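Subject: Structure handover

Hello,

Here is the structure I promised you. Please open it first, then read my notes below.

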Amino acid sequence: MSLPFMDIFKEWAHDYDGAVSGENPEYKDVFVNYDFMLQQASQEAFGHTIEFGPGTGNLTHKLMQRGLKVTPVEPSEDMLKIGEAKTGLSFVTGDFLNFDVQDYDTIISSFAFHHLTDEEKHSALKMYYNALPTGGKVVILDTMFNSMEEKQGMIDYYTALGFTNLVDDLNREYYPYKSTMQSISKKVGFKYQSTQMNRFAHLQVLTKQPFKRPMDLIGDTPMVELTTFPLNTGNRLFVKLESYNLGGSVKDRLGMHMVESALARGDIKTGTIVDATAGNTGIGLALAALKHHLTLRVYVPEKFSQEKQDIMRALGAEVINTPTEGGMIQAREAAMAFAQSTGAYFTNQFESLDNPASYQSLIQEIETEVDRVDMIVAGAGSGGTFSALSEYFTDAHRVVVEPEGSILNGGASGSHRTEGIGVEQWPVYLKRENIDAIETISDIDAFTKVSELAQKEGLLVGSSSGAALMAALNQQKQFTHQNIVVIFPDAAERYLSKGIFNIEGE
Ligand SMILES: Cc1ncc(COP(=O)(O)O)c(C=O)c1O
């Protein structure tokens with residue numbers, strides 16, 4: 001550490017406590033809310049805490065009050081004596097870059113980190129990153145400037161007031177810019193957060209986060225607001241972009257949950273799982289099979305998109321086509337027959353209660369993302385997504401979406417171009433009392449909305465999303481001042497071979 005500062009510590013030691021409590025008018029603005037700032041900083045600490053530059057021990061005292069194990073590391077003999085007397089702890093001699101303490105969870109410092117040059121700050125943070133465990137934190141409470149202009153403005157202001165000590169201090173020490181701290185922290189690997197505490201001080205919290213693994217990218221999808229479609233007064237349209245899941249659809253949640261629940265129950269005996277799917281469930285199941293070293297066989301009616309079938313194969317699934325005319329019902333029968341003859345585990349998305357139970361994470365995310373859900377709109381293929389949402393958001397207007405040729409609104413089962421939604425028989429877990437409206441959307445309307453979403457919002461979604469949007473736009477006409485949440489299950493790219501941007505069809 002830059003040793004020329006040691007002499008300053010000698011002078012400072014005896015009036016430091018006076019300065020922080022506002023007795024020195026020049027430093028009054030620096031230490032506004034000093035006690036509160038220390039309190040906030042101390043609350044960020046956990047576990048074994050190293051405090052660098054504890055000075056006269058004010059923050060140390062707060063950390064001890066929280067019952068933490070604290071090791072104070074202080075370079076100044078004079079400060080150290082006062083701090084030791086105040087806290088009853090013995091301080092270790094050392095500084096930010098020279099210390100010998102092992103196994104700590106938090107590194108904390110108040111009003112001292114600026115003694116390091118930016119280069120030294122970088123070395124120090126790199127060293128801390130390597131030494132901290134995952135989840136470990138660096139907590140820095142110190143003066144920092146939002147910009148070069150802000151710093152110069154403050155120097156001019158305090159020069160005009162005649163605060164020469166403070167101005168010398170601002171010119172001499174290495175108070176960083178926020179952008180510098182952000183970029184050093186990021187380079188080193190920390191997640192960086194900062195909160196401005198007064199005119200000078202910022203509380204910065206740097207967290208060592210584990211790198212995510214690909215399988216962690218299921219859930220936590222973005223919720224965005226659409227503003228380019230005409231809405232009744234005060235209505236707001238929020239869409240959940242499920243294509244951001246690892247396998248590209250809402251069904252990743254389903255695949256992972258059905259497999260993990262079955263594993264937890266001990267239901268998977270042979271190491272093979274099987275189901276019938278339009279494709280997205282198969283992709284979710286394939287990811288779960290990879291994660292848990294299982295083998296997957298899926299039965300897919302021929303008509304469904306080649307892209308989804310290719311993706312399932314790429315992820316290691318065995319894909320068996322069943323005739324288009326037999327629909328999902330025939331694919332299901334084939335899957336069931338395979339399970340019965342081989343002992344493979346049939347995940348049974350169309351009947352298993354594990355299906356609706358898969359969407360707890362989706363519900364929780366919506367709850368935190370949108371204040372008040374007045375209307376919820378989702379398509380039904382297996383019916384799992386809508387069943388889960390409608391069971392939970394009971395105060396909302398619950399709209400289930402199907403294509404023409406699906407049987408929810410009555411009528412016979414028939415063909416449609418809209419993929420992923422549409423039911424041939426009433427889903428066992430779908431409760432009629434949880435449906436406030438059924439919207440039956442034509443292929444042409446669904447595909448028109450897909451094209452409009454691309455052109456107006458830059459959103460490339462599948463046809464079941466287009467149908468869901470059409471349904472939401474129809475339903476919202478009856479209401480004002482509603483928060484409308486719509487589920488967009490997947491993206492357009494997996495339907496390019498099906499002419500998804502060709503509205504009239506082939
Ligand atoms: C593209 C797409 N949209 C919507 C759904 C419907 O979801 P659920 O089966 O939960 O009703 C699916 C299901 O396969 C799908 O693939």
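Leaving aside its neighbours within four places in sequence, which residues is S305 in contact with? They are E419, R494, Y495 and K498. Contact means heavy atoms within 4.5 Å.

Before the rest, some ground rules. This is a predicted model, where local features need pLDDT of at least 70 and side-chain atom pairs count only at pLDDT 80 or more, while totals for chains, interfaces and linings use all residues. Residues are numbered from 1 along each chain as its sequence is written, and side-chain values use heavy atoms, with hydrogens and water left out.

Back to S305. It is found in the loop between β11 (295-301) and α11 (306-314). Helices (H or I, at least four residues) and strands (E, at least two) are DSSP runs, numbered from the N terminus. S305 has 0% relative accessibility, so it counts as buried. Buried means under 20% relative accessible area, exposed over 50%, partly exposed in between (1.4 Å probe, protein chains only).

Now V30. This residue is in the loop between α1 (6-20) and α2 (34-44). V30 is buried too, with a relative accessible area of 5%. Neighbours within four places aside, V30 touches M37, F111, T143, L166, N198 and F200.

Next, two helix pairs. Axes are lines fitted to C-alpha atoms, for helices over the stretch in contact, and angles run from 0 to 180 degrees between N-to-C directions.

Helix α6 (residues 148-160) and helix α7 (residues 164-172) pack at about 160°, with axes 9 Å apart. They are therefore roughly antiparallel. Angles under 35 degrees count as roughly parallel, over 145 as roughly antiparallel, 65 to 115 as roughly perpendicular and the rest as oblique. K151, I155, Y158 and T159 of α6 meet L166, V167, L170 and N171 of α7. This contact has five nonpolar, two polar and one charged residue. Ala, Val, Leu, Ile, Met, Phe, Trp, Tyr, Cys and Pro count as nonpolar, Asp, Glu, Lys and Arg as charged, and the others, Gly among them, as polar.

The axes of α2 and helix α3 (residues 58-65) come within 9 Å and cross at roughly 50°. That pair is therefore oblique. Y34, D35, L38, Q39, A41 and S42 in α2 meet N58, L59, K62 and L63 in α3. By class, five residues are nonpolar, three polar and two charged.

Last, the domains. The chain is divided into domain 1 (3-208), domain 2 (214-247 + 359-498) and domain 3 (251-351). These bounds come from an automatic or database domain assignment. The C-alpha centres of domain 1 and domain 2 lie 50 Å apart.

Best wishes
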